[in-house]
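This briefing covers salt bridges and the elements they join. The sequence and structure come first, followed by notes grouped by topic.

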Amino acid sequence: MEAAEEEMLVSKMDGEEEPSIDADKLSYEIFSILESKFLFGYDDHQLCVPKLPAAGSAAAADGGPSIKTQRGKVCILSVDGGGGVGMRGIIPGKALAYLEKALQSKSGDPDARISDYFDLAAGTGIGGFFAAMLFATRDGCRPAFGADDSWRFLADKGRRFYRKSASSFSACSSPPAVLRRIFPGGCGRGVAENMTEAMEMSMKEAFGESLTLCDTVKPVLIPCYDLRTSAPFVFSRADALESKSYDFRLWEVCRATCAEPGRFEPAELLSVDGSTTCIGVDGGLAMSNPTAAAITHVLHNKQEFPFVRGVEDLMVLSLGCGAAEPATLPKCSGGRLDYNKIRRWGNREWARPINRIVADGNADLVDHAVSLAFGDRRNANYMRIQANGPSTGRCGADVDSDPSSANVKFLLGVAEEMLNQKNVESILFGGRRMSDQTNMEKLDWIAGELVLEHQRRSCRIAPTVAFKQPSSKPKTGLAFLRHSLLPPSPSPLFEVALLIVRGCSGEHGAEFAVILAPGLFFVQKLALHLKSFANPVDVCAQMPEL
């Protein structure tokens, strides 16, 4: 008898559906009462009605009031780099510039920026530098750079810290010389030291010496490889806001992720409070394509992305730096690889090609893995823009390190051709296939989707994102409640019960408002915050008269 009852109970539990955003609707409306009536004394019901898009707008035409209960999509930007990409970063830089212009055109806002429409940016190497540029802010509100500034930085200042590989190799004739250039005392140290100083100066000119990871408008992820721990180290705005021991200066973060061994010296970083150190080199050694890291961050960061359940709630744009065979491999007159020369190569000859092979292979592997994770949703939720074909195959041996105007002009041509190429998609268990749309058409499409998502957020009940903001002191009491729990738009009044919980932790106290309602979201979120308080000492309930 007991076994039968247990089986019935299990079957009932299995049949239960996971709570959706609709189940939490009442909770959000309840919290709107606190904001409009109790916290700020608003009695005008019209102040509690969220604004809907005007008739005829894209949002109104696509679902109307049902948009209010949608979870929305978290928008992620990922830019490849590392592995000696260098000047090749002009290619994704031009794609970013085109995307920003498309956003300005579709939104009707000439001041629109990439950071207005993406919720997180991840980048490695020169891609990390681009992510920092697009999301860094000096006034706490607007980004300091536009997308066009990304590729222009390389075109205008690349000659300061890039040199042709051939010139650097000529200084040392013995095969082990390329390895000695990485460490102090090697015969190539002078070249690497001068290039490093030039890069540091350029980074400081771009960001200044005061901007840190906290001085970004939205979350950023920038990896490097830490020689102290022999493991990847990911610089994160979310971690920086949690603790100063993970907050680093932006120019140093970019310096570390771009520190290609043999070309630049390793970067020794110290957190702003002096408690954390890192000796960082090229982020491409750990993750040349940071898309997977960005997706993982969003899926596990429930404080800033509370309603994300899976990849169906994401919109991801990944930009590559050009897929090409290593240009330094010797070829015969007919264009075929010269096997007789390649088989006699030693450490010196393989240093550059092997770095590029590993970085490009890593990026392609992540692309396939992410495409596999999205499954049937990959066409709508995941997009990869990569340069393929004849142009990348014509890249010279010094394409990554040659800052000359001729190479810049060539790379701009590659970027233009990339935009007009057919987009190449990774197929589930099927390799790759060529899409019917060009990369330019794909960027136009995702620009429209980004603008539409941005418009829809103004009329949803639930916030799609809840970004942490830098503050000099932690918020407590009702101020903490407002910034941490309340929805962005008030809603109609409902009967509620308000619990005031006073908790003590050491010499400081905190006050929380808890709502008793069918939805469990706010109760769960409150419980997470209460874990940091040792002794909840006083609970009193009161029924406000509505």
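A salt bridge is a side-chain nitrogen of Lys or Arg within 4 Å of a carboxyl oxygen of Asp or Glu. The structure holds 22 of them. This is a predicted model, in which local features need pLDDT of at least 70 and side-chain atom pairs count only at pLDDT 80 or more, while totals for chains, interfaces and linings use all residues. Residues are numbered from 1 along each chain as its sequence is written, and side-chain values use heavy atoms, with hydrogens and water left out.

Terms
- Helices (H or I, at least four residues) and strands (E, at least two) are DSSP runs, numbered from the N terminus.
- Buried stands for under 20% relative accessible area, exposed for over 50%, and partly exposed for values in between (1.4 Å probe, protein chains only).

Asp 364 and Arg 432
- The closest N and O atoms of the salt bridge between Asp 364 and Arg 432 are 3.3 Å apart.
- Asp 364 belongs to helix α16 (residues 347–374) and Arg 432 to strand β10 (residues 431–438), so the pair ties together parts 68 residues apart in sequence.
- Asp 364 is partly exposed at 26%, and Arg 432 is partly exposed at 38%.

Network around Arg 457
- Salt bridges with shared partners join Asp 119, Glu 453, Arg 457 and Arg 460 into one network.
- Arg 457 pairs with Asp 119 in a salt bridge, with 2.7 Å between the closest N and O atoms.
- Arg 457 is partly exposed at 22% relative accessibility, whereas Asp 119 is buried at 1%.
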